[in-house]
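Subject: Structure for you to look at

Hello,

Here is the structure I said I would pass on. Please open it alongside this email and follow the residue names as you read.

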Amino acid sequence: MIAEFFYRRQALVLGTLSMIGIVVFWQIAVDTGFINPFFISTPSQVAAEFKVQFEDGSVATNVAATLYCFVWSLGLAALVGTILGMLAGWFADVESALEPFIWFKYSAPTVAFYPLFVAGLGYGTPTIIAIAFLFALTPIYANTLSGIKNTDRDLARAARSFGARPLDIFLRVALPGSVPVMMAGLRLGVGRALTGVVVAELFGANAGLGYAITYYGQLMQTTKMMVSIVIVIALGVLLTQILSFLETRTDSWRVDSGR
Amino acid sequence: MAQIEIRDLGIDYRKPKSNEVFSAVDSVDLSVEKGEFVTIVGSSGCGKSTLLMAVAGLVDLTRGSIEIDGKRVDGPGPDRAVVFQEASLLPWRSVRGNVKFGLEMQRWSGGDLNERAMQMIRLVGLGRFSDYHPHQLSGGMRQRVNIARALAVDPEVLLMDEPFGALDAQTREIMGTELLRIWERAKKTALFVTHDIDEAIFLADKIVVMGRNPGHIKEVIKVDLPRPRNESILDSDAFHELRKRLRAHLAEDMSSMQLVQEVA
Amino acid sequence: MRSAEITAEPAEARQLSLSFLRPSRSAMIGTLAVLAFLVLWQIAPTMGWVNGRFTSRPTEVLLAAIDIFQNDDFLYHARISLTEFVAGFALAIVVSVPLGVLLGTSKIARHLIDPPLMALYIAPTLVLLPIMVIWLGIDMAPKIAVVFLGAVFPIVLNTMAGMSEADPKFLRMARSFGATKFDIFTRVLVPGSLPALLTGLRLAVGRAVLGVIVGELFVSQAGIGYQLNLYGSAMRIDRLLVYALIVSAFGYTLTVIVRSVENKVRDWRSK
């Protein structure tokens, strides 16, 4: 019975084991003096510090500040990226006109313009949202574009044979057919928006996880810093998992092109 | 003694999810003479491909035995070569590279690899295309490469698993004639799986008709049409007669399947 | 005997294309859009629509570029950033390719290492920058580390996927010819996963460039990111833009190169 459970859930069992293994190894490596705790702290210290920061409310404050910027930037990116992507996917000329800018945006590390944003928007929240918005925009735009553009020809032709007008085809064939690809874009956008927020917070903020990491980093307080690092990683995994889940829910919409 | 001897063969599968045991092939006895062209025909799910893969040594036997020239089959060997349904050509190799693949795997020692590969490519009529990559070829051309790759290793037995199944009717007919031309020159024992009745008759010295639940042999039919054959025999009376007989077999299978569906 | 099929031309015969002499509609529209943007950018401050102090102008940027290439120790800073990039990226390749191969061929290793790997791939690895600074100081080392961390995961994961998702029909075909495990590895798995590896490299380029710049913006004494920071705080937007454009051009060129190799390799794949 146990063997069968192990066999079926091998991925889950081994994955959990390896996570536990890492934590245990981390603790032992420091306890035995193999690594100086100044550099990396220990899981038990981090846990204790997490409790402290949780109780004094700073975890809530930082997470709230980061999530606030995250939600705004992702929301804006989803809105703008989807609209631009739909326009570009439906009208080839719009795609041609946008392409050079998108390529530039894709290859330019947005952070390079950080000082420019600070000059225009000032330190803090608006700049953070702007940076994260630009981080998240590309995958959302690109996926919407490809989803609309690759509308299944057979379905479109079938719709036209029933007398559908272009707008009907867009709304009833192209758009629903693109939902799974758009969800995948949103999932990528989630990761990038979070990166954008945290990176921008590293450079200048009054609160937020990135801010806390830099702040304690400058004070060389590894344990306090680790709390926020662990939260960021957990947040990234959690948010992406939620989106992956939503993505699988839309999977049945996928148009199978018969390959 | 026959070249291929299959005795009381049985192959069971374990379904991955439910752990249920499912019998794909049961109580199969068959012998194939050297140089004979045998086609195996049956509706889908009758275990014909499983039988072929067992002869290839790619499927484990549950019961019984398969012998080739008196040697028990327990895995793939240089005495057999398979032509798969999808061309399964390595996309990063040229036509020549693909034909050389089998030779490389078997550490071919019969002279220059390139020479041997080119010889086979010319045999299947693709001499001009030896440097092309698979994505540049049509479906029919890919299957020619597939056949050349199998012939290159100079097997005793050529095993073909619906090699023309993915081709259109026209190309399929051409490839059938081509295959006979190549086979008559190469003089190999051939085992050919198909669900196309005309193809089964056209190619065969002997047709093995299989039925399902579990896969078993229903009848073995001798085909006495003269060789070399071409499309004109498709219209002969003897051909019509065989076609009628095979149709009856397959129709029987279909009706029993419907019955099962109605009951379930 | 009918053999018309053989004389048929191959499905995708390559032809020499001279189409670049006649620009396509999309290329023209793209160029026009960029020109329109440049003109708008140029006149907007004059017209008082935006504050030129924040936006600069294309002409100013061009002049700043000439100035920078002539006398701003440009090569010195570029060399430092490039060194960090190359060192981190090379390190990432050395670690990630063998790791990806191991994970791609061993299911147990994959199940064991996949969760932490995915977590680090998803999570913004740049948050480790401050701790890298504590560990490694403020010279090139923490930037190399961040570049490494950014580049390593996409390469590992893509190599792994390429290896483990090898087409089963190729494996069966190889086995039918008596291929050994080693044969299958070297002749089927490795060439088969090459496109995936290249995809990984392409994704890694973006992350690595970002790593260099973020690392240098965060703390540095030289490098392109240092210059960005310098001119940003001095409000020299023209110079800031020149450096930002240089980084873009670098990332763009590298991505295009890897993508073109990738497309060439992918061309082999049957459709």
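Below are some notes on a sheet, a helix, the salt bridges and the cysteines.

This is a predicted model, in which local features need pLDDT of at least 70 and side-chain atom pairs count only at pLDDT 80 or more, while totals for chains, interfaces and linings use all residues. Residues are numbered from 1 along each chain as its sequence is written, chains are lettered from A and ligands numbered from 1 in the order in which they are written, and side-chain values use heavy atoms, leaving out hydrogens and water.

The sheet in chain B

Helices (H or I, at least four residues) and strands (E, at least two) are DSSP runs, numbered from the N terminus. Two strands pair if DSSP finds at least two bridges between them. In chain B, four strands form an open sheet in the order β2-β1-β4-β5, with antiparallel pairing. Its edge strands are β2 (21–32) and β5 (71–72) of chain B, each of which pairs on one side only. Strand β4 (residues 63–68) of chain B is joined to β5(B) by two bridges, and the two run antiparallel. B:Ile68 has B:Lys71 in β5(B) as its bridge partner.

Helix α1 (residues 48–56) of chain B lies across β1 (4–14), β2 and β4 of chain B, at about 115° to β1(B). For that angle, axes are lines fitted to C-alpha atoms, for helices over the stretch in contact (heavy atoms within 4.5 Å), and angles run from 0 to 180 degrees between N-to-C directions.

A helix in chain C

Buried means under 20% relative accessible area, exposed over 50%, and partly exposed in between (1.4 Å probe, protein chains only). Which residues of helix α9 (residues 168–176) of chain C are buried? They are C:Phe170, C:Met173, C:Ala174 and C:Ser176. Seen down the axis of α9(C), the buried residues fall within an arc of 160°, so they line one face of the helix. The arc is that of the directions from the helix axis to the C-beta atoms. The buried residues of α9(C) pack against β6 (80–83), α2 (95–105) and α4 (139–152) of chain B, together with α10 (181–218) of chain C. Just after α9(C), C:Gly178 has a positive phi of about 75°.

Salt bridges

A salt bridge is a side-chain nitrogen of Lys or Arg within 4 Å of a carboxyl oxygen of Asp or Glu. Over all chains, the whole structure has 30 salt bridges. Three of them follow.

- A:Glu247 and A:Arg187 meet at 2.4 Å, N to O. A:Glu247 lies in helix α12 (residues 222–249) of chain A and A:Arg187 in helix α10 (residues 166–203) of chain A, so the pair ties together parts 60 residues apart in sequence. A:Glu247 is buried at 12% relative accessibility, and A:Arg187 is partly exposed at 25%.
- B:Arg63 and B:Asp12 meet at 3.2 Å, N to O. B:Arg63 is in strand β4 and B:Asp12 in strand β1 of chain B, so the pair ties together parts 51 residues apart in sequence.
- B:Glu36 and B:Lys206 meet at 3.5 Å, N to O. B:Glu36 is in the loop between β2 and β3 (37–41) of chain B and B:Lys206 in strand β9 (residues 206–211) of chain B, 170 residues apart. B:Glu36 is buried at 8%, as is B:Lys206 at 11%.

Salt bridges that share partners also join B:Asp12, B:Asp26 and B:Arg63 into one network.

Cysteines

The structure holds zero disulfides over all chains (a disulfide is a pair of cysteine sulfur atoms within 2.5 Å). A:Cys69 is buried at 3% relative accessible area, and B:Cys46 is buried at 0%.

Regards
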